[in-house]
Every structure is written in structure tokens, then in C-alpha cells.
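Keep the viewer open and go through the points in order.

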Amino acid sequence: MASFLKGFFGGAAARRVEVRPFGACFDVPSGQTVLESALAHNVPFPHNCTVGTCGSCKSRLVCGRVKAITDFGYTLSRQELEAGYILACQAVPRDELTVVEVESTGRDLPAHERFTGNISAAEALTHDIVRVTVELDRPLRYVAGQYANVRSPNVVRPRCYSFADAPDRNGRKAVNFMIRRVPGGGFTDALFSGRLEGVRLEIEAPLGSFFLRTSAHPMICVAGGSGLAPLLSILEDARRMNVRRRCAVLFGARTTGDLYALDRLRDIQAAWLGGCEFIPVLSAEPAQSGWTGCRGMVTEFVASALPDADWSQVEGYLCGPPGMVDAAIDVLTGLGTGLGSIHYDKFTDESHVAAQI
Ligand code: FES
């Protein structure tokens, strides 16, 4: 009777969870999420926001059922939900045995460590995006496309920012981030007002599995806002490594004033082996301006960016606001690209987190 009541009121016995491909198996105490329990057992489960907004903990439910604390559909696409993907940070096991599978990245990523650093420079790229240089206490090695969790003393939640440059084999002691101002966001308000100058930041890095997969197939990169940062890192690194594959880069912004890093993108395009299209797309540029480029939503130009492509062979790299990433996934899967060939990093900021919690 006692165990029945415990189960009825949410105090049910621990459930067992297996995480592939790590081979980790552990009990999950009642009410705990798959991610919480995995981390408590030192399983290197990919994660970031822990509140169901970033998609980093996306994993496939192989067997068992889970209860979603918040709707997975807020972050995962319809196609991912249909394919059985869940968010481990929002999933509480319901069955005696639950098996989840994390995507195997197929390469050894550097272990994440804790660093300290100070902001040494800040340069405005647009009216609301700034490039911030942080001097670290020692060199940091990362893979192009990865990110860091950055915490300042007076801000409760760490923020995650992608490295905006190609990595250095020996590690980088000065790292650059591209940070968008979020009105009312504690960290970025402090950053833009200069209150973080001289402040010791705590940094956990490198994190994430958004990086270029080895392939000779065509690739399409779609970036929105500050989501350009990890793609710049990936593209500059690939160019330096003489990667040869057909490539299209779509960069969505509201107006010409929101475009940045165009010189870097054109340099990449000029030196790219295999042919590279670069297409900036503006969604809110005044009709009377002199802009002669593409107008509309950036995802409207995906299909025409790689004309005559066999889309079942194309790899997608998407980075930007959740709505843009979801729309791009819809377009790519509609064209025939497999979900497994679409890699993305949703840039959730303080406004998205606030909306979720
Ligand atoms: S860690 Fe689960 S969605 Fe961000």
C-alpha cells in the first residue's frame, strides 16, 4: 500500500536508464530527468540550457516511455518528434527500462574544462551585435563550431556563446565571441554597459557537437543573426584545411545594418575549393533602399542556393534563432535531405529561456 501511494503521488521507485553509445546504465530517482541523472553519474551527455530550449540534449528514444516536463515540440521539429527524438533535460522516465541514444559524433572532441578570463576588447559589429575578445588564463583547444558557457559573478545563469574564429591547433588564449544584445537580459545588459570590463569571467569549454562532418557531399549553411559565429569558425577552418566540396552560405538579417563579417565571408568564398555561393537575405530592408540582393525569409532561398543538387546527398548546417532553424529543417527535409544529415545549433537567448520557464 505504501509503495502504491508513493507511486501515485510521484514518489515511485527508481527507473533504469541506458544511454547509448556510452553504455552507461543507472537508476533515475523519481522525478529526476534523464539528463540530471546522467550527469550525476558522470555520463558526458551533451547539454546546455537544461530548460528545453537549445536542443543540445536531443537524443533518440530507443525503448521505454518518458513524460515531457515541457513540450518537446517547443524545440524539436515535427520530423524529429516523429523519428522518436526527445529532450533528455525535459524527459522523466515512465517505464522500468528506458534506452536513449545520443548521436555518435564519430570523432574525439576535446574534454571540456574550466577557465577564467577577462574581456580585453569589444567591437560593435552592428547596433546590437558586438565581438567580444576574452583573454583566458591558458590556451583553450576547441573544434570549429563548438561553444563555451560563460558566467559572470553577478549573473545567475551562464550564457553560451560559440567561438567565432577557426581554432588553433595549439589552443587559443584569446577567444572571440559574437554576442547579441537581449534587452532586459542580465548578462548582455552588463556587457553592453561596460560593467563586465575587468570582471573575472568563468568559462566552461569546449562544448557542443555542432561541427563539420567529414564528407565530400555538398553542404548548405544557413545563419541568422549572431548564429553566423560558429559557421564562420567552421568555414574558415574548412578552408584552411583545403576541404573541397560544393557549398552555399545563406545569411539572413533584417536590414543592411544588421549584416556583418561580409569581408570574412567573401574571403572564404573566394578561396573555397569546390565552389561557394554566398547569399545574404534581408527580411525587412526598406523597399526604397538601394539593396538589390535577395529579400524575404532566408529559408525561402534554400532550394535555389544549390541548383540541381541531389538533396538526399546534401548536408545542412543551421545556426540561428529557433524559428529560423525549424523552418530550415522543414525546407531541407521537404527537399529530401535526411534528418541525420542536418546539424543545427539553436541560438536561444535570455528571451527564449524566459518564455519557457
Ligand atoms: S539542454 Fe536540453 S534542450 Fe537545452
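1. Sort the lining of the second largest pocket by class and you get 17 nonpolar, 18 polar and nine charged residues. Bear in mind that this is a predicted model, and that goes for every point below. The pocket holds about 860 Å³ of space.

2. Which elements supply at least two residues each to the lining of the second largest pocket? On the strand side, look at strand 11 (159–162), strand 12 (172–180), strand 15 (247–253) and strand 19 (342–346). Helix 8 (322–335) and helix 9 (350–356) are on that list too. Strand 11 gives the most, with four residues.

3. Rolling a probe the size of a water molecule over the atoms shows where empty space is left. The residues around it are Ile-119, Val-132, Val-134, Val-150, Tyr-161, Phe-177, Ile-179, Phe-187 and Leu-201. Strand 9 (129–140) and strand 12 are the elements that give two or more residues to this lining. By class, the cavity lining has nine nonpolar residues, no polar ones and no charged ones.

4. In the whole structure, the search finds five aromatic pairs.

5. One of those pairs is Phe-210 with Tyr-317, an edge-to-face arrangement with 6.2 Å centre to centre and 65° between the planes. The pair links distant parts of the chain, 107 residues apart. Phe-210 is in the loop between strand 13 (201–207) and strand 14 (219–224), while Tyr-317 is in strand 18 (residues 315–320).

6. Phe-251 and Tyr-260 make another edge-to-face pair, with 5.5 Å centre to centre and 85° between the planes. Both Phe-251 and Tyr-260 are buried.

7. Two arginines sit over aromatic rings. Arg-138 lies over the face of Phe-115, at 4.0 Å from the ring centre. The charged end of Arg-213 is over the ring of Phe-211, 4.1 Å from the centre of that ring.

8. Next, the backbone. Most residues other than glycine have a negative phi, and most peptide bonds are trans. Where are the cis bonds to look at? One runs from Arg-20 to Pro-21, with omega near 5°, and Pro-21 lies in the loop between strand 1 (15–20) and strand 2 (24–28). Another runs from Ala-205 to Pro-206, with omega near -5°. Pro-206 is in strand 13.

9. A couple of asparagines also deserve a check. Asn-42 has a phi near 60°, a positive value in a residue other than glycine. You will find Asn-42 in the loop between helix 2 (34–40) and strand 3 (58–63). Asn-242 likewise has a positive phi of about 60°, and lies in the loop between helix 5 (228–240) and strand 15. Asn-42 counts as exposed because its relative accessibility is 68%, over the 50% cut-off. Asn-242 is exposed too, with a relative accessible area of 52%.

10. Finally, step back to the whole protein. There are nine helices and 19 strands. The radius of gyration is 21 Å, close to the 21 Å that the globule rule gives for 357 residues, so the protein is as compact as a globular protein of that length. Along its principal axes, the C-alpha trace spans about 75 × 50 × 40 Å. Buried residues make up 49% of the 357.

How values were computed: Residues numbered from 1 in each chain as written. Predicted model: local features only at pLDDT ≥ 70, side-chain atom pairs only at ≥ 80, totals over all residues. Heavy atoms only, no water. Phe/Tyr/Trp six-rings, centres within 6.5 Å; stacked < 30°, edge-to-face > 60°. Buried < 20%, exposed > 50% of the residue type's maximum accessible area, 1.4 Å probe, protein only. Lys NZ or Arg CZ within 6 Å of the ring centre and 35° of its normal. 1 Å grid on protein atoms, 1.4 Å probe; cavity = no way out; pocket = protein on both sides within 12 Å on 5 of 7 lines; lining within 4 Å. Points joined across faces, edges and corners; volume = space filled by probe spheres on them. Nonpolar A, V, L, I, M, F, W, Y, C, P; charged D, E, K, R; others polar. Rg over C-alpha atoms; globule rule 2.2 N^0.38 Å.
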